[in-house]
Amino acid sequence: MGDYDDDTAFLGQRGPFFVITFLLLNAICISTGFAGLYFVFVGATPPHHCLVPEANLSEAWRAAIIPSQVVDGQAEQSMCSRYRLDVVKNYSAHGQVPGVDVNVTDIEQEPCVDGWIYSTDIYQSTIVTEWDLVCDNEWKTPLASSTLFIGFLIGSLISGQLSDRFGRKKIVFLSLTGQVLSMLIQSFSPSWLVFCLIYVLVGAFQISLYITTFVLGTEVLSKSLRVIFTTLGVFLHYCIGYMLLPGFAFGMRDWRPLLQILSGIMFVYIPLWWFVPESPRWLLTRGRVAEAEAIMRDAARRNGVTAPEVIFKEQQVEKSDTGNTKSYNMLDILRISKVRTTTFLCLLLWLSTNMGYYGLSLNTSNLSGDPYLNCFLSALSEVPAYIVSSILLKTCPRRPLLTVFLIIGGGFLLLIQLIPDNLHGLAIALEMLGKFAFTMSFTVVYAYTAEIYPTVLRNVGMGMCSSAARIGSITAPYIIYLGTINKYLPYILIGSMTLGSSVVNLFLPETFGRELPESVEHMQKCRGLCQQMKSTDNCPEAGDADKCAVLNQSKL
């Protein structure tokens with residue numbers, strides 16, 4: 001099936017079939033921007049201090065009972081302690097004045113035994129305010145955030161195998177339905193534990209939807225639209241969902257109604273089942289040639305062209321009919337040596353890229369200012385990165401492109417520690433430039449990985465790589481937490497790992513200008529080090545893949 005693009009060339013590149021499919025798949029990707037990042041608002045921690053119950057306290061003592069502490073050079077009320085209420089009540093009852101008759105700082109402090117009062121200036125309700133996830137329970141907030149990425153890990157591992165077995169389209173809409181229902185059910189969570197358990201499901205369905213939609217578009221769309229979809233299309237529409245999220249959160253500042261609104265909006269995607277086609281490439285790998293041809297004939301009708309009497313060559317049909325429909329799983333990736341090596345290198349790339357991307361994204365929430373505007377600007381800053389990377393992917397080889405982005409991202413982060421403290425604006429600018437580079441790396445690594453793996457392993461391979469990415473995502477909040485020990489430590493760790501992965505990238509095969517591989521054999525014949533160890537005359541950098549395979553075979 002290495003001639004799939006040649007056999008379907010009669011459809012053209014930009015007909016209605018491809019354009020409509022392109023738009024519908026991109027529309028589905030918008031929903032992933034909602035589901036992936038709403039915790040920024042749902043799990044926000046507003047300003048708070050200890051609750052002082054109704055008691056016979058003078059106004060002076062009620063104002064003085066909360067201790068002051070210095071945070072970033074500014075005096076603020078303590079969030080986790082108060083002066084002992086019984087002592088303060090006694091002073092108040094005897095008419096003593098704080099700061100005049102009594103040195104307040106000499107009074108013993110106690111924890112917030114009566115609960116907390118939370119500011120409602122920004123948020124009416126979050127899971128933090130509802131279940132008091134502060135002070136001794138503060139660890140529950142980042143853990144709740146990590147459960148989403150644990151779901152990403154699970155979804156990445158199983159979605160690829162399910163998609164390769166049951167079809168891309170079925171898993172896309174199963175994941176979409178699961179995402180909608182799990183978010184809706186999560187809005188009725190009676191406790192933090194239930195919230196976290198359901199959040200795992202949200203993450204599993206969300207990443208499954210994202211990856212399988214990505215693979216489906218890669219396999220269905222024409223060659224010209226494929227590059228746009230895998231770069232500007234998928235990521236830009238994810239970013240659109242990201243940018244719309246703070247608007248919904250601003251309008252609905254209670255976390256339960258917010259989740260109900262977001263899940264309700266995503267219900268409109270379910271009818272797209274009748275308009276999105278199954279992947280003909282996948283159907284061919286399963287021996288379902290008649291179904292693949294039916295999709296192609298419908299595409300020809302919609303594009304206004306005439307389909308040939310026999311679309312797929314007889315040799316391909318015979319291969320499919322004679323049982324060339326082997327299903328592959330993660331064990332096959334580990335068993336086949338050259339696939340195993342390629343996968344190991346991709347895992348390292350995905351882990352470091354996602355650690356940097358999510359680490360810097362989470363760190364932007366620590367910036368001062370309006371959180372809704374900060375979230376919007378954070379999403380908006382990714383748009384030029386997606387546009388630039390999509391343009392470069394059309395004309396540049398993948399391997400050096402990804403290497404340059406990783407070096408830039410890691411290099412800027414390592415430079416931050418050299419910036420003097422009085423140049424805080426410059427340090428923020430370097431961090432934003434680092435995120436810009438990580439966003440471009442994120443785009444390239446998705447497209448690059450999809451081009452490396454053959455059709456029979458593409459979804460499994462993407463799932464495994466995404467699993468490694470989730471490990472990076474899970475650890476990112478805790479790497480950012482290391483900033484409480486040393487503010488430069490997160491930058492040093494992320495920057496160093498990124499620079500190391502840029503070297504790993506050099507050992508992967510180049511895919512620019514080559515046809516998508518359909519079989520494991522096709523993938524194996526183009527060795528990863530071929531471009532480095534052999535001359536370009538013997539193994540063209542971006543030439544005919546079949547020629548490269550024949551030349552490599554002759555050297556074995």
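**Cysteines and disulfides: a quick note**

1. Let's start with Cys135: its relative accessible area is 17%, so this residue is buried, given that buried means under 20%. Bear in mind that this is a predicted model.

2. Cys135 has a partner: a disulfide joins it to Cys80, with the sulfurs 2.0 Å apart. Cys80 sits in the loop between strand 3 (74-77) and strand 4 (81-83), while Cys135 is in the loop between helix 6 (127-131) and helix 7 (140-166), so the bond ties together parts 55 residues apart in sequence.

3. The two ends of that bridge get separate labels. Cys80 comes out as partly exposed, at 35% relative accessible area, whereas Cys135 is buried. As for handedness, the torsion about the S-S bond of Cys80 and Cys135 is about -100°, so this disulfide is left-handed.

4. How many disulfides does a search of the whole structure find? It finds two. Besides the Cys80 pair, there is one between Cys50 and Cys112, whose sulfur atoms are 1.7 Å apart. Cys50 belongs to strand 1 (residues 48-50) and Cys112 to the loop between strand 5 (109-111) and strand 6 (116-118), so this pair links parts 62 residues apart in sequence.

5. The Cys50 and Cys112 disulfide is left-handed because the torsion about its S-S bond is about -65°. Cys50 is buried, at 0% relative accessibility, and Cys112 is buried with a relative accessible area of 9%.

6. Two further cysteines to look at are Cys196 and Cys396. Cys196 counts as buried at 5% relative accessibility. Cys396 is partly exposed, its relative accessible area being 21%.

Note on methods:
Residues are numbered from 1 along each chain as its sequence is written. This is a predicted model: local features need pLDDT of at least 70, side-chain atom pairs count only at pLDDT 80 or more; totals for chains, interfaces and linings use all residues. Side-chain values use heavy atoms; hydrogens and water are left out. A disulfide is a pair of cysteine sulfur atoms within 2.5 Å. Helices (H or I, at least four residues) and strands (E, at least two) are DSSP runs, numbered from the N terminus. Buried means under 20% relative accessible area, exposed over 50%, partly exposed in between (1.4 Å probe, protein chains only).
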